[in-house]
Amino acid sequence: MKKIEILAPGGSKEAIYAAIYSGADAVYTGTDRFSARAFADNPTVEELCGILDFAHLHDKKIYLTVNTLLTEEELEGSLYALLAPLYEAGLDAVIVQDPGVMDFIGQNFPGLAIHASTQMTIVSGAGADQWKPYGVTRVVPARELTIGEIAQMRKKTDLELEVFVHGALCYCYSGQCQMSQVIGGRSGNRGMCAQPCRLRYTVNGKDGGYILSPRDLCTLGRVGELIEAGVDSFKIEGRMKKPAYAAFTSHLYRLYADAYLAGVTKSDAEVARDVRRLADIYNRGGFSAGYLFEPSKNNIIDTSRNGHYGVCVGEVVNVTPREVEYRLTERTHAQDVLEFRDKKGHAVYEYTLKAGADSPAQVTARYQKGSAPRAGQKVYRMRNNQLLQQISDIIEDGKKNGKVKVRAVFTAKCGRPVKLTLFYRDLRCEVEGARAERAEGRPVEAEDIKKRLDKTGGSEFAFETLEVHVPDGIFIPLGSIASLRREGLERLRASICGGFHRTAGKPLEERVDEPIGQAHSHSAFTMIRVADIKQLRAARACAHVTADRAAFHLKLDEFAPDTWEQLSRETGDLPYYISLPAVLREKNTERFLAWWGQCGQELAAGNLAGVIVHSMDAFPVLSRMPGMMGREILAGEGLYLWNRRTARVYRDFGISGRLYTAYGRTRVMMTEGCVKRELGGCRLAEWDKSRNTIATPKNDEFVVVNYCHYCYNEIYENEPSWHEPPGRQRQDIPEIAFSFEDASEVGKVLEQWNCLS
């Protein structure tokens, strides 16, 4: 098997170096522009150029995150200036969400690899392959996929697969979240997510805890299964975390991947020990195996706590008015930070140890007035000082033992300049120094020269072999040997790094294209989305809802297949569009296609005008649906359109227009996580659209709609509103999107829209 790439997070230049020294093969990082982690301590472009040379010198790679949505001005005015110096310095790849960015990079930076971000919600091999024409060489599938689905993707695409194996999980399908934007104006798709999923929520008026906060992912013990499934790159989340985290996670996943490839099986005790060490560095809610390996999904959410969980190291056995006594279940160390917690998981006291102790010792400590330790409370370690020192040692060992190995030959002939020839792989570098003369006093010995040449400790190189050929009886100024070594190594470094450098051309002018959606105009055409038959009938009863002015949007995940024929009849003479389920993964595609084969022909034979797609992964499914060839395709709420280049890509796929929500509830999340399941009411595979209401501590209310038959949820704002999206063009199609409205409300809204339009 080929070597597995360990891909580490680089939220700062210190984290990048720490990860590389500790075993990472590649690091993904961003700058202060166009990165989904805008608040990380991102390196500057100038720093990244130096980091690229360092990485390439050590046979490592650097991937740049350009994984936000870009406006027209940003794409055509700023992106080139950001990428050009990095492209010339040998940037290995960019991680991209926006199809327009793909188009721009392919046009302006030939040969630069593009990795399709997990924010593109790619869930199938066919969905991945459709991005090949745009320069994509690797995809990062949605984090909600199971290991079986990853294995199926591997069979159906030859693109590289990069899979998250460790770290934080989003509650929402990445890229499909609007909650941060809706609550506080900080868009996750613009790199400014405020992490509303980590808030404490009420559910139907009762405290639900951190019901949207997934535990951190850890798959260290499942490395072999990931390799066998065909994963090429093990991606570790954590650009907001400290360098020690990047270093230690890289170190352990490198060790475990190499062990598996070498046929070495880690014992259960070894895995448990190392997972616990990972938890000591950082874990949220304890670890889960994520959607990859959690079939029931019951272990993914931790409602009790939303930050670092620590590891349990003891229990309080006695409390006096001034002191607390606790029994250790694990060894502690000086400068460890311990936290006492009540039964609800709330911290009641935290302090730093002056000295460590062995389990099962009982330790007595003073506590601050106002704290509330009680017998029976658990004691958690929040900082493991000894482990941090071990990680520091790992990094230092990496610096020492990770030097670039070079072969060197030194030759001297009387009356000629001395020569130092350096060899690295297929590179050869030669420098000349002082002239060798016949010795009048003590001649130079080969050992004298070796000692001076071998002092490479301050450089990134080490001599693997060093040959010194010096004839008897000659003199060479020994002081010149060090400068000869420095000059030779500097030239060799320039040659190695220069092999990755390239030249960026001038930015190509963007050709002006007509925007998509020329078939309709705001004043002449309205889409009416209905969620049930009663809403459809109420809309049909409005006098101004006529075939020349409106069409229905039938969102098929709202309707059971045995109602599709009735839907077709109830629309009367109005045209209608259907939209596919928002996410169609391997497990649901065949079921949906079977339903379409049984019941879809009635829809196809009626006044079906076209289809609305909410995900680009819908296209491979559309191609397998009888009766859908040649239908108009419109972009729905899951497809973002911020610039003309994205419009061009959509047009390549056959999209002729896009909807914008003129009225309705904003969808803020599309999730695999399920509030109903957390409440104990899972009805997997049943046709159920029940709802739950959740609210933040500041009473921002949302409604969670369960689509149990497809096993996903959509979360909407609790109240509908009227919208005028920024950048709306005349050709965009307004949609009146009904969700929970009764028949009378439908009539009022449509009457108001008739007055507005």
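These legends accompany several close-up views of a predicted model.

**View 1**
Let's start with H4, which spans residues 79-88. Seven of its ten residues are buried, so the helix is largely enclosed by the rest of the structure. Which residues of H4 are buried? They are Leu79, Tyr80, Leu82, Leu83, Ala84, Leu86 and Tyr87. Their packing partners include three helices, H2 (45-57), H3 (72-77) and H5 (99-108). Strands S3 (61-66) and S4 (93-96) also pack against these buried residues. Just after H4, look for glycine 90, which takes a positive phi of about 100°.

Is arginine 585 buried or exposed? With a relative accessible area of 2%, arginine 585 falls under the 20% limit and so counts as buried. Its side chain makes a polar contact of 2.7 Å with the side chain of glutamate 149. A polar contact of 3.1 Å joins the side chain of arginine 585 to that of glutamate 672. Leaving out residues up to four places away in sequence, arginine 585 touches Val123, Glu144, Leu145, Thr146, Glu149, Tyr173 and Glu672.

**View 1. A buried salt bridge between arginine 215 and aspartate 302.**
The side chains of arginine 215 and aspartate 302 meet in a salt bridge, with an N to O distance of 3.9 Å. Arginine 215 sits in the loop between strands S9 (206-209) and S10 (216-218), and aspartate 302 in the loop between helix H12 (290-293) and strand S13 (311-319), so the pair ties together parts that are 87 residues apart in sequence. Both arginine 215 and aspartate 302 are buried.

Because arginine 381 belongs to strand S18 (residues 378-383) and aspartate 280 to helix H11 (residues 268-281), the pair ties together parts that are 101 residues apart in sequence. Both arginine 381 and aspartate 280 are buried.

How far apart are the closest N and O atoms of the salt bridge between arginine 331 and aspartate 358? They are 3.2 Å apart. Arginine 331 lies in the loop between strands S14 (323-328) and S15 (337-341), while aspartate 358 lies in the loop between S16 (347-352) and S17 (362-366), so this pair ties together parts that are 27 residues apart in sequence. Arginine 331 is partly exposed at 46% relative accessibility, and aspartate 358 is partly exposed at 47%.

**View 2. A network of salt bridges.**
Arg529, Lys555, Asp557, Glu637, Arg667 and Glu714 are linked in a network of salt bridges.

**View 3. An open sheet of six strands.**
To finish, follow the strands in the order S9-S8-S32-S33-S34-S31, with antiparallel pairing. S9 and S31 (667-671) are the edge strands, each pairing on one side only. On average, neighbouring strands of this sheet are turned by 30° against each other, direction ignored. Within the sheet, five bridges join the antiparallel strands S32 (residues 691-695) and S33 (residues 701-707). Asparagine 692 stands opposite valine 704 in S33.

Terms used: Residues numbered from 1 in each chain as written. Predicted model: local features only at pLDDT ≥ 70, side-chain atom pairs only at ≥ 80, totals over all residues. Heavy atoms only, no water. Buried < 20%, exposed > 50% of the residue type's maximum accessible area, 1.4 Å probe, protein only. Helix = DSSP H or I, 4+ residues; strand = E, 2+ residues; numbered from the N terminus. Contact = heavy atoms within 4.5 Å. Polar contact = N/O pair within 3.5 Å; in protein donor to acceptor, adjacent residues only side chain to side chain. Salt bridge = Lys/Arg side-chain N within 4 Å of Asp/Glu carboxyl O. Pairing = 2+ DSSP bridges. Axes fitted to C-alpha atoms, helices over the stretch in contact; angles between N-to-C directions.
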